[in-house]
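Subject: Structure handover

Hello,

Here is the structure we talked about. Please open it alongside this email and follow the notes below.

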Amino acid sequence: PRGLPLLTAFAHADVFWEAIPAARRSANRGDLEARLAEQLAGAEARWPDVSVDPRRFVTHWAAQLCRASDVGAAVDQLHLSDLYLAFACAEGNTCALREFGTLLSSVAGAVRSVDGAPSFVDEVLQRLRTRVLLPEDGRAPRILDYAGRGSLENWLRAGALRLALNARRDAKRGPEPLPDASLWEP
């Protein structure tokens with residue numbers, strides 16, 4: 001009957017389909033919605049103490065799926081529990097940020113492979129934390145750039161390694177020498 005909402009296994013199907021361009025929508029919505037509901041339940045079960053606004057998260061999730069050529073296939077390939085945690089971190093969820101700290105500890109080995117000095121490792125991890133979690137220049141936190149195509153831990157490890165290598169390179173260059181004082185004398 002007209003005007004009655006469609007029953008679906010996925011509580012936020014309306015938000016999801018609204019965020020997916022018409023040309024990318026699946027013909028078999030019922031099957032896809034059941035998979036979406038199952039995956040969201042799995043992500044929530046993986047992080048039981050982490051909570052997000054489900055409608056905002058589903059919009060973010062749909063945006064990540066739109067990047068794929070086949071939305072239906074991407075649903076099964078996405079690391080949804082990691083995407084859920086990353087989104088919660090961007091939202092400032094305390095439990096998610098605690099889990100983020102645990103992930104940073106696990107990527108410290110990549111930094112140690114560049115330089116094992118505890119002060120170096122701490123500095124690089126702090127830079128990574130700041131770079132990923134804090135908004136910059138009016139832009140959303142970079143953790144929202146995590147698309148879920150690989151694990152969040154590997155994404156962070158790659159970022160930490162890049163920062164460590166750049167810091168090591170910059171340290172080898174040393175500071176720029178000051179110009180000769182005679183240039184400043186009248």
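Predicted model: local features only at pLDDT ≥ 70, side-chain atom pairs only at ≥ 80, totals over all residues.

**Salt bridges**

Searching the whole structure gives 11 salt bridges. Side chains of opposite charge can pair when their charged atoms come close.

Start with D14 and R55. They form a salt bridge, with 2.9 Å between the closest N and O atoms. This pair links distant parts of the chain. D14 sits in helix α1 (residues 13-19), R55 sits in helix α3 (residues 54-65), and the two are 41 residues apart. How accessible are D14 and R55? D14 has a relative accessible area of 42%, so it is partly exposed. R55 has 38%, so it is partly exposed too.

Next, D76 and R35. Their salt bridge has its closest N and O atoms 2.9 Å apart. D76 belongs to helix α4 (residues 71-77) and R35 to helix α2 (residues 29-46), so this bridge ties together parts that are 41 residues apart in sequence.

Then R169 and D170. Their side chains meet in a salt bridge at 3.1 Å, N to O. R169 counts as partly exposed because its relative accessibility is 39%. D170 is partly exposed as well, at 38%.

**Helix packing**

Two packed helices are described by the angle between their axes and the distance between the axes. Two contacts are worked through below, both involving helix α5 (residues 80-90).

First, α3 against α5. They pack at an angle of about 125°, and their axes are 11 Å apart. The crossing of α3 past α5 is right-handed. On the α3 side, the contact uses R56, F57, H60, W61 and Q64. On the α5 side, it uses L80, L83, Y84 and F87. By type, the residues of this contact are six nonpolar, two polar and one charged.

Second, α2 against α5. Here the axes come within 8 Å and cross at roughly 60°. α2 and α5 are therefore oblique to each other. α2 also passes α5 in a right-handed crossing. From α2, the residues in the contact are Q39, L40, A43, E44 and R46. From α5, they are L80, S81 and Y84. This contact divides into four nonpolar, two polar and two charged residues.

**Q64**

Q64 lies in helix α3. Is Q64 buried or exposed? Buried means under 20% relative accessible area. Q64 has 6%, so it is buried. Which residues does Q64 contact, leaving aside its neighbours within four places in sequence? They are L83, L144, Y146 and A147.

Best wishes

Conventions:
Residues numbered from 1 in each chain as written. Heavy atoms only, no water. Salt bridge = Lys/Arg side-chain N within 4 Å of Asp/Glu carboxyl O. Helix = DSSP H or I, 4+ residues; strand = E, 2+ residues; numbered from the N terminus. Buried < 20%, exposed > 50% of the residue type's maximum accessible area, 1.4 Å probe, protein only. Axes fitted to C-alpha atoms, helices over the stretch in contact; angles between N-to-C directions. Left-handed = near helix turned anticlockwise from the far one by under 90°. Contact = heavy atoms within 4.5 Å. Nonpolar A, V, L, I, M, F, W, Y, C, P; charged D, E, K, R; others polar. Parallel < 35°, antiparallel > 145°, perpendicular 65-115°, else oblique.
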